[in-house]
Each structure stands twice: as structure tokens, then as C-alpha cells.
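Please find below a note for a colleague who is meeting this structure for the first time. The points are numbered so that each can be checked against the model in turn.

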Amino acid sequence: MRNFLVVGRTGVGKSSFINSIVGNNVASTSRYEACTKFIQNYTCRNNLGDICIIDTPGLAEDDIECDRKYLEMIKDSVDFTKIDALIYVSRLDETRFRPEEKQTIYLLTEKLGALIWNKAWLTFTFAASVPKESRHIATINRKEQIENFVRIVTSEYGLNPPFQGFKIKLRVDNTSKTWTSKSIPIMSVLTKDR
Ligand SMILES: Nc1nc2c(ncn2[C@@H]2O[C@H](COP(=O)(O)OP(=O)(O)OP(=O)(O)O)[C@@H](O)[C@H]2O)c(=O)[nH]1
Ligand SMILES: [Mg+2]
């Protein structure tokens with residue numbers, strides 16, 4: 001069984017991403033308000049393997065104390081020695097590197113420790129909201145923004161060797177059944193031994 005911890009700002013599509021993987025609407029989602037308030041585990045079994053995927057409350061929802069409370073909840077209920085990857089979710093269709101995103105990366109590092117980024121994957125959601133012709137460049141730009149910032153923050157926390165970048169990058173659109181990143185079945189990525 002491989003275990004994944006899904007984190008990111010509120011509304012970026014963490015729960016929707018989990019629903020896409022599990023194939024059912026197991027996790028509640030909301031268009032208009034911050035939705036997930038507790039840590040929730042979802043298991044998924046199919047012929048490609050078993051996974052457990054952990055949904056978490058979105059960060060940068062309200063004030064920083066609310067984020068710290070959510071991160072304490074994650075720390076208390078997740079066994080980090082059993083986590084195969086931290087899946088950091090962000091929207092592909094944003095162009096500016098927002099202060100909320102920076103705050104989220106800061107707080108994740110402060111509360112969960114810089115080492116967590118060594119086993120981090122990056123998932124971009126809302127990919128279909130970016131015109132097809134600009135999707136590739138948008139992916140490169142957003143990935144660099146995020147990776148550069150993670151590198152800066154983790155170096156402040158003394159991560160050595162420095163952050164090497166995300167191990168796996170996925171680009172998806174949760175409203176469409178076809179994965180935009182080369183239509184790779186997501187389960188094959190999540191269950192593959194690496
Ligand atoms: N177009 C599009 N909409 C999406 C995508 N992913 C999620 N959404 C929509 O965005 C809204 C928020 O999605 P959620 O899955 O609830 O987001 P979340 O990150 O779990 O939010 P919190 O639980 O508040 O942290 C919902 O209306 C989803 O239908 C996507 O890839 N493309
Ligand atoms: Mg959610």
C-alpha cells in the first residue's frame with residue numbers, strides 16, 4: 001500500500017483530484033467556500049495496486065492561525081514515516097505567484113519540516129482552463145516559480161543537500177476524465193515502484 005498526503009491552498013482542487021483518482025465522489029468539494037475541514041483517508045484498490053490518499057484542509061483560507069491549526073491537525077494524525085509522497089497541489093491557470101502560495105509553502109515547511117519536500121510531487125489542476133497552445137509554457141513557468149520558492153524557504157531551514165525539485169509532476173483537469181498530461185492513467189503513476 002502506497003500512501004500519499006495531499007496538500008495545498010483552499011480551492012485548488014485537492015478533494016476533486018482525489019475523487020478523480022478514486023473514481024467516485026468520495027470527498028466533498030465546493031465551488032464557493034473552503035470545504036475540507038478535517039483530515040480524511042481514502043483507499044483505492046484496483047488491478048494496478050492499492051493506495052491510500054489523505055485529503056487535508058486547504059491552507060491560506062483565512063488567517064495564518066487557522067493554517068497553523070490545520071497543520072497541527074495534519075502533524076498529529078499523519079505518520080510521516082509511512083508517507084510515500086507529499087502531493088502539493090496548485091492551479092495551472094494562475095499567472096502570478098501569489099502571496100497565499102508563498103505563505104502556504106512557508107507554513108508547510110515550518111510545521112512539517114523542510115525534509116518533507118524531498119519526497120514531494122507537484123500536481124497542477126485546472127489545466128483545461130489554460131489554452132492548449134500555452135499549457136506547456138504555463139507548466140514550465142508555474143513549476144519554476146514554485147520550485148524556486150521551495151528552494152529558498154528550505155535553504156533557510158538548512159535543508160542539505162538543497163531541494164532538488166519535484167520528483168513527479170502531474171498536470172490534470174479534474175472536471176475532465178482525460179488526463180491532460182499525456183493521458184497517463186493516474187493509478188499507474190501512483191502504484192508504480194520507484
Ligand atoms: N475547471 C476545473 N475545476 C476544478 C478542478 N479541480 C477542482 N475544480 C473545482 O474547484 C472547486 C474547488 O474544488 P475542491 O476539490 O473542493 O478544492 P479543495 O482544494 O479540496 O478545497 P478545500 O477543501 O477548501 O481545501 C470545485 O468547484 C471543483 O469542481 C479542475 O481541475 N478544473
Ligand atoms: Mg477539499
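The note begins with conventions and then takes up the ligands, the elements around them and the aromatic rings.

1. Conventions. This is a predicted model, in which local features need pLDDT of at least 70 and side-chain atom pairs count only at pLDDT 80 or more, while totals for chains, interfaces and linings use all residues. Residues are numbered from 1 along each chain as its sequence is written, chains are lettered from A and ligands numbered from 1 in the order in which they are written, and side-chain values use heavy atoms, with hydrogens and water left out.

2. Ser15 belongs to helix H1 (residues 14-22) and Thr36 to the loop between H1 and strand S2 (40-46), so the pair ties together parts that are 21 residues apart in sequence. Helices (H or I, at least four residues) and strands (E, at least two) are DSSP runs, numbered from the N terminus.

3. Buried means under 20% relative accessible area, exposed over 50%, and partly exposed in between (1.4 Å probe, protein chains only).

4. Ligand 1. Which residues are the closest to ligand 1? They are Thr10, Lys14, Ser16, Thr36 and Asn174, out of 20 residues that surround this ligand; a residue counts as near if one of its heavy atoms lies within 4 Å. Oxygen atoms of ligand 1 lie 2.7 Å from a polar side-chain atom of Lys14, 2.8 Å from a polar backbone atom of Cys35 and 3.1 Å from a polar backbone atom of Ser30. Taken alone, ligand 1 exposes 650 Å², and the protein buries 87% of that; the areas come from the Shrake-Rupley method with a 1.4 Å probe.

5. Helix H1. This helix is mostly covered, with 8 of its 9 residues buried. Among them are Lys14, Phe17, Ile18 and Val22. Gly23 follows H1 and has a positive phi, near 90 degrees.

6. Arg2 is placed in strand S1 (residues 2-8) and counts as buried at 15% relative accessibility. The side chain of Arg2 reaches the backbone oxygen of Leu190 at 2.7 Å. Ser90, in strand S4 (residues 85-91), is buried at 0% relative accessibility. The C-alpha atoms of Ser90 and Thr125 are separated by 6.2 Å, although these residues are 35 apart along the chain.

7. An exposed loop residue. Is Pro161 buried or exposed? Pro161 is exposed, with a relative accessible area of 53%, and is found in the loop between helix H4 (132-156) and strand S6 (169-171). The C-alpha atoms of Pro161 and Glu133, 28 residues apart along the chain, are separated by 36 Å.

8. Aromatic rings. The structure holds 6 aromatic pairs, where rings of Phe, Tyr and Trp (its six-membered ring) pair if their centres lie within 6.5 Å. One aromatic cluster is formed by Tyr88, Trp117, Phe163 and Phe166.

Technical notes
Rings of Phe, Tyr and Trp (its six-membered ring) pair if their centres lie within 6.5 Å; planes under 30 degrees apart count as stacked, over 60 as edge-to-face and the rest as tilted. A polar contact is a pair of N or O atoms within 3.5 Å; within protein, one must be able to donate a hydrogen and the other to accept it, and residues adjacent in sequence count only if both atoms are side-chain atoms.
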